[in-house]
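Work through the exercises below with the model open. Each task is followed by a solution in steps.

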Amino acid sequence: MGQHIQIQQHDFSVDEIYTAMRHQYGSEVGAIASFVGLVRDHNMVAGDGGDVQTLTLEHYPGMTEKSIQKILDQAEARWPLLAIHVVHRVGTMAPSEQIVLVMVASAHRDAAFAGAQYVICLLYTSPSPRD
């Protein structure tokens, strides 16, 4: 299976990643499911509801990729996936900017949907890499 993890400050093109995935896996692909997360303009933490001007995310190089890799390996073990591509931005972003992309290719739609949902859910609820 092809796994690709990008941690970056700059924005990403969903179209470019989708096109590359289709080109690389060709007729093997029966479905591609994706999720794009955006920076919200309001705070959802503890019911605060305050306006958000910017969101700043930091990461630990190496540790971040290792944590994401573990999630992708788990998804691959559960479903027959051809490829998973994850892009996660770090740095300072404004509301409505793209923050995360999970794109999953499989021969069948059920596996593509399930794999994409699994990866995005674990990205935001996963335990520490030591677990």
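**Exercise 1. An aromatic pair**

How many aromatic pairs does the count come to?

Solution. The model is a predicted one.
- Step 1. The count comes to 1 aromatic pair.
- Step 2. The partners are Trp-79 and Tyr-118.
- Step 3. Planes over 60 degrees apart count as edge-to-face.
- Step 4. Trp-79 sits in the loop between α2 and β4, while Tyr-118 belongs to helix α3, so the pair ties together parts 39 residues apart in sequence.
- Step 5. Buried means under 20% relative accessible area. Trp-79 has 19% relative accessibility and so counts as buried. Tyr-118, at 17%, counts as buried too.

**Exercise 2. The overall layout**

Which pattern does the protein follow along the sequence?

Solution. 
- Step 1. There are 3 helices and 6 strands.
- Step 2. Read along the sequence, they give β-α-β-β-α-β-β-β-α.
- Step 3. Of the 131 residues, 36% are buried.
- Step 4. Take the contacts with a separation of 6 or more: 75% of them join residues 24 or more positions apart.

**Exercise 3. Helix α3 and its partners**

Which elements do the buried residues of α3 pack against? Start from the span of the helix.

Solution. 
- Step 1. Helix α3 covers residues 109-123, which is 15 residues. From first C-alpha to last it reaches 21 Å, close to the 21 Å expected at 1.5 Å a residue.
- Step 2. Its buried residues are Ala-111, Ala-112, Gly-115, Ala-116, Tyr-118, Val-119, Ile-120, Leu-122 and Leu-123.
- Step 3. These pack against β2 (31-38), α2 (63-78), β4 (81-89) and β6 (98-106).
- Step 4. Cys-121 is also in helix α3. At 42% relative accessibility, Cys-121 counts as partly exposed.
- Step 5. Cys-121 and Ile-71 are 50 residues apart in sequence, yet their C-alpha atoms are 9.8 Å apart.

**Exercise 4. The nonpolar cores**

Solution. 
- Step 1. Nonpolar side chains tend to be buried together in soluble globular proteins.
- Step 2. The largest nonpolar core here has 24 residues. Those with the most contacts inside it are Ala-75, Leu-81, Ile-84, Val-86, Val-102, Val-119 and Leu-123.
- Step 3. At least two core residues come from each of β2, α2, β4, β6 and α3.
- Step 4. The answer is α3, which gives 8 residues.
- Step 5. Follow Val-119. Leaving aside neighbours within four places in sequence, Val-119 contacts Ile-71, Leu-72, Ala-75, Ile-84, Val-86 and Val-102.
- Step 6. A second, separate core has 11 residues, including Tyr-25, Leu-82, Leu-101 and Ala-105.

**Exercise 5. Two loop residues**

Where is the place of Val-29? Where is Ser-96 found?

Solution. 
- Step 1. Val-29 is in the loop between α1 (14-25) and β2. At 19% relative accessibility, Val-29 counts as buried.
- Step 2. Val-29 touches Leu-82, Ala-105 and Ser-106, with residues up to four places away in sequence not counted.
- Step 3. Val-29 and Leu-81 are 52 residues apart along the chain, and 9.4 Å separates their C-alpha atoms.
- Step 4. Ser-96 is in the loop between β5 (91-93) and β6. At 58% relative accessibility, Ser-96 counts as exposed.
- Step 5. Check the backbone of Ser-96: phi is near 80°, a positive value in a residue other than glycine.

Notes
Residues are numbered from 1 along each chain as its sequence is written. This is a predicted model: local features need pLDDT of at least 70, side-chain atom pairs count only at pLDDT 80 or more; totals for chains, interfaces and linings use all residues. Side-chain values use heavy atoms; hydrogens and water are left out. Helices (H or I, at least four residues) and strands (E, at least two) are DSSP runs, numbered from the N terminus. Buried means under 20% relative accessible area, exposed over 50%, partly exposed in between (1.4 Å probe, protein chains only). Contact means heavy atoms within 4.5 Å. The expected span of a helix is 1.5 Å times one less than its number of residues. Rings of Phe, Tyr and Trp (its six-membered ring) pair if their centres lie within 6.5 Å; planes under 30 degrees apart count as stacked, over 60 as edge-to-face and the rest as tilted. A nonpolar core is a set of buried Ala, Val, Leu, Ile, Met, Phe, Trp, Tyr and Cys residues joined through side-chain atoms within 4.5 Å.
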